[in-house]
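User: Hi! I'm new to reading protein structures. Could you walk me through this one?
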Amino acid sequence: MKAGPSPANEIPEAGTAYLDGAFVPFADAKVSIATHALQYGTGVFEGIRAYWNPSHEQLYVFRLREHFERMTRSCRIVRIDLPGDADELSEIVLELLRRNAFRSDVYIRPLAYKAARVVKVALHGLRDGFGIYAFPMGGYLSTGGLAAHTSSWRRISDEAIPARAKVSGAYINTALAVDEAGEHRAEEAIFLTAGGHVSEGGGSNLIMVRDGALVTPPVTDDILEGITRQTIAELARELGYAFIERSIDRTELFVCEELFFCGTGAQVAPCVKVDGRQVGDGAVGPIAKAIGERYFAIARGDDASHPEWRTAVFG
Ligand SMILES: Cc1ncc(COP(=O)(O)O)c(C=O)c1O
């Protein structure tokens, strides 16, 4: 078969990865072609960021423990046994980052999966595997004001594939919607629930500013229960803004003052256009700007508040 093109952000097979209890060269962290998760999408993953602070000469992992707490909940839903609790798995990440001696912003990807080589579409009684890799990564979505497209694909419902579990196979839903957004010259998709309310972005949560308050869909509107969303809830309240969880109608996106996506990958990504219509006055709004600045300063450790959200890797 002819090799196709690789995207510019292809992950290099360099450094050290972790697989099933051992640190191994990334190039050796391989699984069988018959792996259950590869056939059926029966994996659970996390995306974690670590920010390099050049003046501190330090790498800070953002909300490390919370990611493994969510991973534990995701695994519980799809019956995968993790090889440790949130603290033990966090320690493996720290050791992995030290072994790779990263001095840049890094993205960390833990993956727990059905490793059994069997033809059996089920979850119970199948052998599990666990790995982590990490690589230098900058932005994912633009943070200077992006365009979004309301997808014709609906968000997977809790009655079919639970969105609150970060399940590998569920990302087909995102991939279809993001492709469609690209065909409409938009960078991010906006999902509606099967019932027609706004749910979230393709790989991010969505927050709207209406009448000066931050409004976001509740966890019962088929969203991934985002750690960044929860971080922003706290920052918003500290900055004096109300943070409200309620269902959002699609047309509210056309009349709101500001809109932004948030997530570990997305960070804080203001949205200035939805379905070809300008959001607010078509520029990055003051609230998204203030939240974004505070988010980045805290995550990188330039702002010393919320030390409980940062884990230092070195020394
Ligand atoms: C579908 C989806 N929603 C929301 C988020 C945001 O979650 P978090 O802030 O925990 O990264 C993500 C991942 O980043 C995601 O993939």
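User: In the hairpin of β11 and β12, which residue takes a positive phi?
Analyst: That's Asp211, with a phi near 50 degrees; the hairpin has 2 residues between its strands. Keep in mind that this is a predicted model.

User: Thanks! How many bridges join β11 to β12?
Analyst: There are 3, and the two strands run antiparallel. Arg210 stands opposite Ala213 in β12.

User: And what about β11 and β14, parallel or antiparallel?
Analyst: Antiparallel again, with 5 bridges joining β11 to β14.

User: New topic: helices. Which residues in α4 are buried?
Analyst: Asn173, Thr174, Ala177, Val178 and Ala181 are buried in α4. They line one face of the helix, because they fall within an arc of 120 degrees when you look down its axis.

User: What do those buried residues pack against?
Analyst: They pack against β8 (146–150) and β9 (188–192).

User: And what follows α4?
Analyst: Arg185 does, and its phi is positive, near 55 degrees.

User: Last one, the ligand. How many residues surround it?
Analyst: 14 residues do, and Gly226, Ile227, Thr228, Gly263 and Thr264 are the closest. By class, that shell has 10 polar, 2 nonpolar and 2 charged residues.

User: Which helix gives the most to the shell?
Analyst: Helix α5, covering residues 227–238, gives the most, with 3 residues.

Key:
Residues are numbered from 1 along each chain as its sequence is written. This is a predicted model: local features need pLDDT of at least 70, side-chain atom pairs count only at pLDDT 80 or more; totals for chains, interfaces and linings use all residues. A residue is near a molecule or strand if its C-beta atom, placed from the backbone, lies within 6 Å of it. Helices (H or I, at least four residues) and strands (E, at least two) are DSSP runs, numbered from the N terminus. Ala, Val, Leu, Ile, Met, Phe, Trp, Tyr, Cys and Pro count as nonpolar, Asp, Glu, Lys and Arg as charged, and the others, Gly among them, as polar. Two strands pair if DSSP finds at least two bridges between them. A residue is buried if 20 or more other C-beta atoms lie within 10 Å of its own, exposed if 12 or fewer, and partly exposed in between; C-beta atoms are placed from the backbone. The arc is that of the directions from the helix axis to the C-beta atoms. Two residues are in contact if their C-beta atoms, placed from the backbone, lie within 7 Å.
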